[in-house]
Amino acid sequence: MRLATWNVNSIRSRADRVAAFLQRNDVDVLALQETKCRDDQFPQMMFDALGYEVAHVGYSQWNGVAILSRVGLDDVTVGFPGQPAWGETPATEARALGATCGGVRVWSLYVPNGRTLADPHYQYKLAWLEALRTAGAVWLAEDPAASVALVGDWNIAPQDDDVWDIGVFAHSTHVSEPERAAFRAIVDGGYTDVVRPYTPGPGVYTYWDYTQLRFPRREGMRIDFALGSPAFAARTTGALIDREERKGKGASDHAPVIVDLAD
DNA sequence: ATGGTCGTTAGACGA
């Protein structure tokens, strides 16, 4: 089975690219982040025609997460237990969606950006990650043999090598120690980064800012991850970052991350 | 040089 995650930065502006990506890479399950649309705006028919079931949650032009699957899509859950709220109604943002696909409990996650270290959004980010850690610990406590994948845009660069120049990021979000500690706590809770061993750095990224020619200059950040429970990690046979997908006109600013699992 | 580029949208805001 092949599972992928991708911050698509608007599904409506990139539906054709997503469809081509699914076919070109023979992807079974795709978790999307930043679909930037309401449920009624999601281009579902295109993926129906390709044989994928679709689950999506989106309340506005912000956030939005989805899971596409051609190996089953069951027990869809909007948000995780204890997910913190931000702003007005609805109480929680469209940043987490769970579904069981081909025996894997997949969570498509769009971790809050944080904006700046002094912004309330940064505290929201830390609270969101801590709540995710708690929920993830409960899932594994309930069933230590569960195959669980926490995939998506984490908006954290866990290591200095995960950004092109750590000096540029002094006093920035994504690399601060509290964010890294929050990420580490989830890893320590039993969710392993299954992609890094197959895509070692330095200089390996999943995101490049649209501005300042960051992509051609190879100035990016590794902030999209697939973390797997012990059972999921044991099934992993390979992983790759589809850097080609970042090229050309109409690319998302994030590249897809692909994980291969034994059947 | 305190910018740059996208996406949502119709003046900004978010990333």
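The largest nonpolar core has 72 residues, and those with the most contacts inside it are Leu30, Ala66, Ile67, Val106, Ala149 and Ala226; such a core is a set of buried Ala, Val, Leu, Ile, Met, Phe, Trp, Tyr and Cys residues joined through C-beta atoms within 7 Å. A residue is buried if 20 or more other C-beta atoms, placed from the backbone, lie within 10 Å of its own, exposed if 12 or fewer do, and partly exposed in between. This is a predicted model, in which local features need pLDDT of at least 70 and side-chain atom pairs count only at pLDDT 80 or more, while totals for chains, interfaces and linings use all residues. Residues are numbered from 1 along each chain as its sequence is written, and chains are lettered from A and ligands numbered from 1 in the order in which they are written.

- Leucine 30, named among the core residues with the most contacts, touches Ala4, Trp6, Leu22 and Leu68 when residues up to four places away in sequence are not counted; contact here requires C-beta atoms, placed from the backbone, within 7 Å.

**The sheet from E5 to E9**

- Six strands, in the order E5-E6-E7-E8-E10-E9, make up an open sheet with mixed pairing, where two strands pair if DSSP finds at least two bridges between them.
- The edges of this sheet are strand E5 (74-78) and strand E9 (192-193), each of which pairs on one side only.
- Strand E6 (residues 96-101) pairs with strand E7 (residues 104-110) in the antiparallel sense over 6 bridges, and threonine 100 stands opposite arginine 105 in E7.
- Strand E8 (residues 148-153) is joined to E10 by antiparallel pairing over 5 bridges, with valine 151 opposite alanine 226 in E10.
- E9 also pairs with E10 in the antiparallel sense, over 2 bridges, and there threonine 192 stands opposite glycine 228.
- Strand E10 (residues 224-228) is largely enclosed by the rest of the structure, because 5 of its 5 residues are buried.
- In a regular strand the side chains alternate between the two faces of the sheet.
- In E10, Asp224, Ala226 and Gly228 point one way and Phe225 and Leu227 the other way, and all are buried.

**The sheet from E3 to E11**

- Another open sheet, also of mixed pairing, has 6 strands in the order E3-E4-E2-E1-E12-E11.
- Strand E3 (53-57) and strand E11 (236-241) stand at its edges with a single partner strand each, so one side of each is left without a neighbour in the sheet.
- Neighbouring strands of this sheet are turned by 15° against each other on average, direction ignored, the axes being lines fitted to C-alpha atoms (for helices over the stretch in contact), with angles that run from 0 to 180 degrees between N-to-C directions.
- E11 and strand E12 (residues 257-261) run antiparallel and are joined by 5 bridges, and alanine 239 stands opposite valine 259 in E12.

**The loop between E9 and E10**

- Threonine 206 is placed in the loop between E9 and E10, and it counts as buried because it has 28 C-beta neighbours inside 10 Å.
- Apart from neighbours within four places in sequence, threonine 206 is in contact with Arg222, Ile223, Asp224, Ile241, His254, Ala255 and Val257.
- The C-alpha atoms of threonine 206 and glutamate 244 are separated by 11 Å, and these residues are 38 residues apart along the chain.
- Proline 202 also has its place in the loop between E9 and E10, and a cis peptide bond with omega of about 0° joins glycine 201 to proline 202.

**Backbone with positive phi**

- Aspartate 75, in strand E5, has a positive phi of about 50° although it is not a glycine, and with 11 C-beta neighbours inside 10 Å it counts as exposed.
- Arginine 115, in the loop between E7 and helix H3 (120-142), is a residue other than glycine with a positive phi near 65°, and it is partly exposed, with 13 other C-beta atoms within 10 Å.

**Surroundings of DNA strand B**

- DNA strand B is surrounded by Asn9, Ser10, Arg12, Ser13, Lys36, Gln61, Asn113, Arg115, Tyr210, Thr211, Gln212 and Gly250, a residue being near a molecule or strand if its C-beta atom, placed from the backbone, lies within 6 Å of it.
- The residues of this surface divide into 1 nonpolar, 8 polar and 3 charged, where Ala, Val, Leu, Ile, Met, Phe, Trp, Tyr, Cys and Pro count as nonpolar, Asp, Glu, Lys and Arg as charged, and the others, Gly among them, as polar.

Note on methods: Helix = DSSP H or I, 4+ residues; strand = E, 2+ residues; numbered from the N terminus. Contact = placed C-beta atoms within 7 Å.
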